[in-house]
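Here's a quick tour of one protein model, with a stop at a helix, some charge pairs and the surface. Have a look at it first.

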Amino acid sequence: MSTAEPSIDVLENRLQRVAPQLLALLLIDQTKSYRSKNGTHNIFWATSDYAELGPKFEYHEPITPELITGKYGTVIRPRILKAKDAQNSRSRNMAEVYTPAWICNEQNNLVDQAWFGRPDVFNQPMQQGWHTNQDPIEFPPDKTWQNYVHSTRLEITCGEAPYLVSRYDMTTGDFIPVPERIGLLDRKLRVITENTHSPEDWLHWAKIAYTSVYGYEWQGDSLLLARENLLFTLGEHYEARWGERPPLEVIMEIATIISWNLWQMDALKGVIPNSCHEEVQYNNTLFGLETTTIQCDGCHEDELLNPHHNGIYCLVKDWTQREQRSGQLGKVLRFVDLF
């Protein structure tokens, strides 16, 4: 996770070589794994873009390390590095679009303006750009930097998570240096850097920052990119502050948080994509065995995030509470129940 050679493309071969368990963590679907009695389950492709590579790359198949490493090590790439026809296809079929970093910045500035009660806290927007404020961030009399780190943020349909972390500009592919970053998590890490004085304290608050940011995405490849971007952001900020890589055990902890906080979901239903299904009911009658096909009730209701789908409702963690089952921090909740 060194920043010696900045690159927007996280190479899965490198992750697999340095820490195979880390790549495995970034592929976990925590909702299915938490509900399962048969071990862990992975996120799935949820796109047909890779189907020509073979049966294991088809829409409903899980993404496993061997499918994105070795000779397949460059299968998953950021949108800006994909072929133009692939970019256009994803725009047509899944409404996937580029969001320039300057737009992300101006929208994130509005979030912070509401929180701080004043504009231009982290930077001053310029024409398709920004000028970063170099002075330490000042906080309102009734709020502290710790309050800011704890404050919850969610990026909906997050794609590669450009609103949470701004490692690169989605429209150009240009790598953005750490001091100039404008993501919601980047801002929290900047505040932590300005207010902590040891690596241990920095990492303590960084974990809290990671528990406070969330995002969901339909397509499995984009979700993996988002998770990778959040993970590499940790290393890049830490190395910029302390001149070395964070300990592997801490990286693993953060990767676990990321695998919970960025998840795969159909945003209109609150379930894992395509998990709603028909059910067949069998009835013995005077005329023999009859079957009745029952549709998903929720899919027939014109209501956002209604509780009547028969699909797998996505789970998230509230890291401020303890889970009764394990006693550990992170109470497991259905995302739909938050509404």
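This is a predicted model: local features need pLDDT of at least 70, side-chain atom pairs count only at pLDDT 80 or more; totals for chains, interfaces and linings use all residues.

Residues are numbered from 1 along each chain as its sequence is written, and side-chain values use heavy atoms, leaving out hydrogens and water.

**Helix 10**
- Among its buried residues are W260, M252 and N261.
- Helices here are DSSP runs (H or I, at least four residues), and strands are too (E, at least two), numbered from the N terminus.

**Salt bridges**
- There are six salt bridges (a side-chain nitrogen of Lys or Arg within 4 Å of a carboxyl oxygen of Asp or Glu).
- R187 and D112 pair up at 2.7 Å, N to O.
- That pair links distant parts of the chain, with R187 in helix 7 and D112 in helix 5, 75 residues apart.
- R187 counts as buried at 2% relative accessibility, and D112 does at 1%.
- R167 bridges to E236, with the closest N and O atoms 2.8 Å apart.
- R167, R181 and E236 are linked in a salt-bridge network.

**Surface**
- V280, Y282 and L289 make a nonpolar patch with about 340 Å² of accessible area together.
- Such patches take residues with over 30% relative accessible area and no salt bridge, joining nonpolar side chains (Val, Leu, Ile, Met, Phe, Trp, Tyr) within 5 Å.
- L289 sits in strand 7.

How values were computed:
Patches are made of residues with over 30% relative accessible area and no salt bridge: like charges are joined within 9 Å, nonpolar side chains (Val, Leu, Ile, Met, Phe, Trp, Tyr) within 5 Å. Accessible areas come from the Shrake-Rupley method with a 1.4 Å probe; for residues, only the protein chains shown count as cover. Buried means under 20% relative accessible area, exposed over 50%, partly exposed in between (1.4 Å probe, protein chains only).
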